[in-house]
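Here is a short briefing on one structure. Please read it alongside the sequence and the model.

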Amino acid sequence: MTGLKGTLESFSVSHLKPIRDMIYESIRKAIFEGELKAGDRLVEKELAEKLRVSRTPIREALRKLEMEGLIKHVPRKGVVVKGFTPDDIIEIYSIRQVLEALAITYTVKNITERELEQLKELIEKMEILTEEDNTDDLFKTSQEFNDILIKSCRMPRLIKLISTYQEYLERFRVVTMGRKERKLAALMDHREILQAVIDRDAPRAEQLVKKHLQGALEAYLKTFNIREGK
C-alpha cells in the first residue's frame, strides 16, 4: 500500500478519542496532504496491521470516508482514494461561498477593535511575504487572517460548518498560492474585505467575499486543467 508514510505512521491509540475517529482523521489528513493519492488502495487488513488495531474500527472509518466522498469502492480493485474532479471542486467552493458570505455579515456586526488590529497587522505581514515571494509563510498568514475573520462572526454552528470544508480548500489553495498573480490578487482581495469590515459595510463585505472565493475557484480550475493536460 503506497502513501502511508508520514501522517499514518504517526498514528497512536494512546489518546482518548474513539479509535475509529482517530483512524478516520489520520486517513483523511493523509488524503488532504497528498500522502494518499487518487487511485491508492486502502486494504482493511493492511491498515489494521499497520495501525495495530482490529479491522472493525478500520471498516467504520472507511465507511465514514466513503460517505464524505473521499474514497470509493471499485469493482475488482477494492477501496481506493477518490480524488477530486472539477465538479467536486466547484461544489465545495460554492458551499463555502454561501457560508462565508453569511459569516462576514455577522463579522461586520460583531468583530472587536482588537481583532481589527490583528487583521491589519496580518495584512502588513502578507504584503511583506508577497513581496518576498515566501509562499509557505504567506499561506499560513493568510489562513490566520481567514480564521480570525470567520471566528469574529460569533456564530459557533456556522463556524463549525465552515471548518468542515476548511481542509478541502487548504489543499486547493496550496496549489494556487504558488502563482505570483494569485498571491497579488488574494492580497488585494483581503485588503478590500478588511476595509469593508472596518467601514461596517456588510453588503460590500459580502460581495467581496464572494468575489474572492470565485477568483480562488477559477485559479484552481485553471491550474487543475493545466496539470491534467486539458
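A charge sits over a ring if NZ of Lys or CZ of Arg is within 6 Å of the ring centre and within 35 degrees of the ring normal. By that rule, the charged end of Lys 64 sits over the ring of Tyr 24, 4.3 Å from its centre. This is a predicted model, in which local features need pLDDT of at least 70, side-chain atom pairs count only at pLDDT 80 or more, and totals for chains, interfaces and linings use all residues. Numbering runs from 1 along each chain as its sequence is written, and side-chain values use heavy atoms, with hydrogens and water left out.

**Rings and charges**

- Lys 109 places its charged end over the ring of Tyr 106, 5.1 Å from the centre.
- Aromatic rings of Phe, Tyr and Trp (its six-membered ring) pair if their centres lie within 6.5 Å; planes under 30 degrees apart count as stacked, over 60 as edge-to-face and the rest as tilted. The count of aromatic pairs by this rule is zero.

**Nonpolar cores**

- A nonpolar core is a set of buried Ala, Val, Leu, Ile, Met, Phe, Trp, Tyr and Cys residues joined through side-chain atoms within 4.5 Å. Buried means under 20% relative accessible area, exposed over 50%, and partly exposed in between (1.4 Å probe, protein chains only).
- The largest nonpolar core has 56 residues, of which Ile 27, Leu 42 and Phe 172 touch the most other members. Helix α10 (residues 202–227) gives the most to this core, with nine residues.
- Apart from this core lies another, of six residues, including Leu 99, Ala 103, Ile 150 and Leu 158.
- Which residues does Phe 172 contact, leaving aside its neighbours within four places in sequence? They are Phe 84, Ile 89, Ile 92, Tyr 93 and Tyr 220. Contact means heavy atoms within 4.5 Å.

- Helices (H or I, at least four residues) and strands (E, at least two) are DSSP runs, numbered from the N terminus.
- Helix α9 (residues 180–198) has 19 residues and reaches 27 Å from first C-alpha to last. That is close to the 27 Å expected at 1.5 Å a residue, where the expected span is 1.5 Å times one less than the number of residues.
- Among the buried residues of α9 are Arg 182, Lys 183, Asp 189 and His 190.
- Asn 146 lies in helix α6 (residues 135–151). Asn 146 counts as buried because its relative accessible area is 16%. Leaving aside neighbours within four places in sequence, Asn 146 is in contact with Arg 173 and His 190.
- Asp 136 also has its place in α6. Asp 136 counts as exposed because its relative accessibility is 57%. The C-alpha atoms of Asp 136 and Gly 178, 42 residues apart along the chain, are separated by 8.8 Å.

**Hairpin**

- Strands β1 (residues 71–74) and β2 (residues 78–81) pair in the antiparallel sense over four bridges. Two strands pair if DSSP finds at least two bridges between them.
- Lys 72 has Val 80 as its bridge partner in β2.
- Three residues lie between the strands of this hairpin, where Arg 76 takes a positive phi near 65°.

**Positive phi**

- Most residues other than glycine have a negative phi.
- Arg 52 is not a glycine, yet has a positive phi of about 60°. Arg 52 lies in the loop between α2 (44–51) and α3 (55–67), and is exposed at 73% relative accessible area.
- Arg 154, not a glycine either, has a positive phi of about 60°. Arg 154 is in the loop between α6 and α7 (156–164), and counts as partly exposed at 38%.
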